[in-house]
Amino acid sequence: MNNRVQLKDKKHFLKWFLQRYQMKRRESMWILNYLLNHDIVLNKAKFVESAERTPRGIRMAAVGTDQEAFKFYKDGHAFDNPEQAFHEVRLNWHTDLYIELFFTDSWMSPEYLTVLEDNPFSSWNDSISEELSQEVNDAIDQFHLEEMKNKLIQEIDRALEQDEKNTFYELTNELKVVEEKLNNGLPHS
């Protein structure tokens, strides 16, 4: 995702998009055409995900998607009147506008990926849940315990081959602790 998208790339994307997709609300087409024809406003527009988390964002969906047709967000409030949003865009041309577009195969489109920017109000890496993070940590702990178990078994075999009784007993006690942690799903210490 780009940090700074060039105006020419935004224009190229909008032309490409408007030629290929029909929006669920005709007013969405008006807004996109307005942006295409007003460089100063388009310069303030940023194509992002999670536009609802921005101070001033619009979500628009093309025909063929499951997303809601249109939603305008301003200062934590949501509106579904595109004419109100259009008026807001024209009046506040100097303020950043965050646009989220829903269309078929968006992630397969180099044109879209060229203009997609990281949302400063909802970065993609902030969306990794603690639950997922915990699952990853648990998997790492599990892997580490399995590795410890395998190493202890090899050392126990070596102790048996060399008739080292004390080492054998110490290692089997360590193996019992590791196996107990594995069976209980507890992380190692």
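Reader: Which residue in β3 does Arg59 stand opposite?
Author: In this predicted model, strand β2 covers residues 56-61 and strand β3 covers residues 70-74, and the two pair in the antiparallel sense over five bridges. Within β3, the residue that stands opposite Arg59 is Lys71.

Reader: Which strands stand at the edges of the sheet, and why is one side of each left without a neighbour?
Author: The sheet is open and mixed in its pairing, with five strands in the order β1-β5-β2-β3-β4. Two of these strands have a single partner each, so one side of each is left without a neighbour in the sheet, and these edge strands are β1 (45-47) and β4 (77-79).

Reader: At about what angle to β1 does helix α1 run?
Author: Helix α2 (residues 26-37) packs on the sheet, where it touches β1, β2, β3 and β5. Helix α1 (residues 7-20), for its part, lies across β1 and β5, and the angle at which it runs to β1 is about 65°.

Reader: Which residues have the most contacts inside the largest nonpolar core?
Author: In soluble globular proteins, nonpolar side chains tend to be buried together. Here the largest such core has 32 residues, while a second, separate core of eight residues includes Leu152, Ala159, Leu171 and Val178. Inside the largest core, the residues with the most contacts are Phe13, Leu35 and Leu101.

Reader: Is the ring pair of Phe13 and Tyr112 stacked or tilted?
Author: The ring centres of Phe13 and Tyr112 lie 5.9 Å apart, and Tyr112 is buried at 3% relative accessibility. Phe13 belongs to helix α1 and Tyr112 to helix α5, so the pair ties together parts that are 99 residues apart in sequence. Their planes stand at 45°, so the pair is tilted.

Reader: What are the centre distance and plane angle of the rings of Trp16 and Phe103?
Author: This pair links distant parts of the chain, with Trp16 in helix α1 and Phe103 in the loop between β5 and α5, 87 residues apart. Phe103 is buried, with a relative accessible area of 5%. The pair is edge-to-face, with centres 6.2 Å apart and planes at 65°.

Conventions
Residues are numbered from 1 along each chain as its sequence is written. This is a predicted model: local features need pLDDT of at least 70, side-chain atom pairs count only at pLDDT 80 or more; totals for chains, interfaces and linings use all residues. Side-chain values use heavy atoms; hydrogens and water are left out. Two strands pair if DSSP finds at least two bridges between them. Helices (H or I, at least four residues) and strands (E, at least two) are DSSP runs, numbered from the N terminus. Contact means heavy atoms within 4.5 Å. Axes are lines fitted to C-alpha atoms, for helices over the stretch in contact, and angles run from 0 to 180 degrees between N-to-C directions. A nonpolar core is a set of buried Ala, Val, Leu, Ile, Met, Phe, Trp, Tyr and Cys residues joined through side-chain atoms within 4.5 Å. Buried means under 20% relative accessible area, exposed over 50%, partly exposed in between (1.4 Å probe, protein chains only). Rings of Phe, Tyr and Trp (its six-membered ring) pair if their centres lie within 6.5 Å; planes under 30 degrees apart count as stacked, over 60 as edge-to-face and the rest as tilted.
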